[in-house]
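Here is a short briefing to read alongside the structure. Take it one topic at a time, and keep the 3D view open as you go.

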Amino acid sequence: MPVHNVDIARIFEQIGDLLEIEDANPFRVRAYRNAARTVSSMGREAADLIAENEDLTSLAGIGKDLAGKIKTIVETGTLPLLEELEKGIGGELTTLLDVEGLGPKRVAILHKELGINDRKGLIKAAEAGKVRELSGFGRKTEQKILEDLGRVKEGRGRILLAEAEPSAESYRDYLKKVEGVKEVTVAGSYRRRRETVGDLDILVSCTKNSPVMEKFAAYEEVARIISKGDTRSTVVLHSGLHVDLRVLPEASYGAALHYFTGSKAHNIAVRKIGVSGGLKINEYGVYKGKKKVAGATEREVYAKVDLPYIEPELREDRGEIEAARNNALPELITLADIKGDLHSHTNATDGKNTIEEMAQAAKELDYEYLAVTDHSRRVTVANGLDEGRLREQMGKIDALNEKLSGISLLKGIEVDILSDGKLDLPDSVLRDLDIVVCSVHSKFNLAGDEQTERIIRAMDNKYFNILAHPSGRMLGKRQPYEVDMERLMRAAKERGVFLELNSQPERMDLTDIQLKSAKEIGVGVVISTDAHWGTNLNYMRFGIGQARRGWLAADDVVNTRSLAELRRLLKR
DNA sequence: GCCGTTTTCGGCCCGACTGTTTTCAGTCG
């Protein structure tokens with residue numbers, strides 16, 4: 001079983017938690033957490049780097065010791081240190097850290113004083129009234145613990161960006177109307193356009209006597225209030241989503257925006273630069289001694305540490321600060337750069353709208369082109385097209401193109417890659433299409449090298465243009481299939497094939513990290529919506545967010561090209 | 001445990017809110 005970066009990161013996270021409960025040196029704890037983050041945001045598998053004898057200590061936050069530990073994990077799948085820690089204090093203990101109000105210190109006390117090892121034990125002790133007797137605990141804490149343990153997974157984990165969007169926008173609009181409110185921004189990972197968000201961080205600037213904090217807590221979607229102060233409050237919505245509000249004066253808005261947009265790692269890195277220049281940076285501003293020297297805008301904050309403005313989507317401490325310093329930040333793609341959508345379905349298969357309706361929807365977005373790419377015959381549940389029905393649809397599209405103005409339809413297909421690497425329709429019909437999108441919808445469980453070879457074999461077909469949703473993952477539902485993505489990218493580049501970034505909110509396939517690799521490798525990316533009805537074409541905004549997180553510029557993306565240029569690129 | 005034009009030791013980012021305290025530790029972001 002190959003060991004992936006996520007597996008290594010999980011082990012380091014677990015060690016960080018356990019060490020913290022053991023009250024180890026906090027900087028040692030941080031070192032493990034940093035290493036987890038570094039490993040999980042690498043473009044390449046650590047296992048591959050080791051196989052190639054690369055020096056892991058060149059990675060940020062990885063020294064001799066951790067490099068050795070990574071090697072051990074890759075070779076054995078585990079780590080003696082983790083096993084020791086788990087044997088010492090129990091591996092289940094870290095699940096208690098998820099309980100609201102419990103951190104490492106209190107978990108350690110619960111374990112030491114009451115012998116509690118897991119959630120069950122904690123419930124029992126709390127119900128017996130034993131927890132309140134511990135020093136540092138009390139009646140209220142005990143009550144809160146029981147409430148939180150009793151809640152059925154409410155709001156736990158992250159939700160899709162698209163699921164958070166309606167709440168975020170309506171909350172923002174509501175707060176904007178409150179008396180005295182000047183500006184409202186939903187910051188945090190929402191502003192960084194992460195594919196999932198854990199909570200919403202809303203930032204407000206307002207006049208001194210604005211009732212915004214009261215209004216925030218009184219919002220109709222609020223189920224309960226976790227905390228409420230003068231400048232900061234936290235509530236939970238009926239949906240389970242946690243929302244923080246932070247109120248600041250206008251003169252601090254930029255510093256606060258920077259602070260609450262994160263990521264945490266990016267902020268730490270920026271503050272470190274500040275410290276080295278004798279500056280203190282917090283959410284109120286940039287300070288030289290007692291004197292505030294910046295804070296009204298984010299640009300000001302960056303300028304004080306000699307950096308150009310860094311777009312929110314890049315703020316992950318994945319090299320953006322070094323790039324900024326070297327004036328090498330990419331000019332990120334925007335929605336306005338997109339000239340068309342190259343993956344869409346109609347009611348001929350599992351879409352909901354007619355070709356005309358899809359064309360109309362694309363025209364309303366000012367697109368130059370839309371590719372109609374229904375499923376092929378193997379996908380029987382979607383009523384996939386055989387050659388006859390496809391030819392019929394091609395005829396319809398030709399006729400429609402005569403009629404339509406302002407938009408061109410491309411004749412296409414989303415053809416299945418069969419288990420042997422052949423395509424689900426004969427070349428005799430693929431040849432007559434404008435565009436061939438290819439994807440895997442079966443045999444997800446092949447071994448990694450078999451899956452990789454299956455797909456590369458398919459790419460050998462000269463009509464293969466785009467590999468759709470390349471990893472097959474569904475957020476929260478299905479793991480990506482085993483595949484060597486780097487090999488796929490190189491094979492695609494060699495063959496003039498492009499990789500899709502699928503913008504369906506639960507796909508978001510490729511990931512930000514994979515997109516950055518694609519850019520480095522130089523393989524073209526197509527941002528598509530895989531729309532199954534007209535309004536789905538608007539999912540493009542999610543793909544754009546992901547592409548920006550992957551450092552992509554308009555030039556890196558194929559469907560920013562004019563129709564004429566696109567046609568040339570599609571000829572292999 | 002990492003790191004280094006303040007280098008091989010001694011640092012390592014910053015503030016708000018709550019509950020338990022009687023001046024603050026723990027948690028959280």
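Predicted model: local features only at pLDDT ≥ 70, side-chain atom pairs only at ≥ 80, totals over all residues.

Residues are numbered from 1 along each chain as its sequence is written, while chains are lettered from A and ligands numbered from 1 in the order in which they are written.

**The surface near DNA strand B**

- Helices (H or I, at least four residues) and strands (E, at least two) are DSSP runs, numbered from the N terminus.
- Among the elements that each supply at least two residues of this surface are helix 2 (26–40), helix 4 (64–76), strand 5 (222–228) and helix 13 (264–276).
- Helix 13 gives the largest share, 5 residues.
- By class, the surface has 10 nonpolar, 15 polar and 16 charged residues; Ala, Val, Leu, Ile, Met, Phe, Trp, Tyr, Cys and Pro count as nonpolar, Asp, Glu, Lys and Arg as charged, and the others, Gly among them, as polar.

**Domains of chain A**

- The assignment, which is automatic or from a database, gives domain 1 (5–150), domain 2 (159–248), domain 3 (261–325) and domain 4 (335–570).
- Between the C-alpha centres of domain 1 and domain 2 there are 30 Å.

**Helix 1 with helix 2**

- The axes of helix 1 (residues 5–21) and helix 2 come within 8 Å and cross at roughly 165°; axes are lines fitted to C-alpha atoms, for helices over the stretch in contact, and angles run from 0 to 180 degrees between N-to-C directions.
- The two helices are therefore roughly antiparallel to each other (under 35 degrees is roughly parallel, over 145 roughly antiparallel, 65 to 115 roughly perpendicular and the rest oblique).
- Residues in contact (C-beta atoms, placed from the backbone, within 7 Å) include Ile8 and Phe12 of helix 1 and Val29 and Tyr32 of helix 2.
- In this contact there are 11 nonpolar, 3 polar and 4 charged residues.

**Helix 20 with helix 21**

- Helix 20 (residues 485–495) and helix 21 (residues 512–521) pack at about 40°, their axes 10 Å apart.
- This pair is therefore oblique.
- Met485 and Met489 of helix 20 are among the contact residues, as are Ala518 and Ile521 of helix 21.

Conventions. Contact = placed C-beta atoms within 7 Å.
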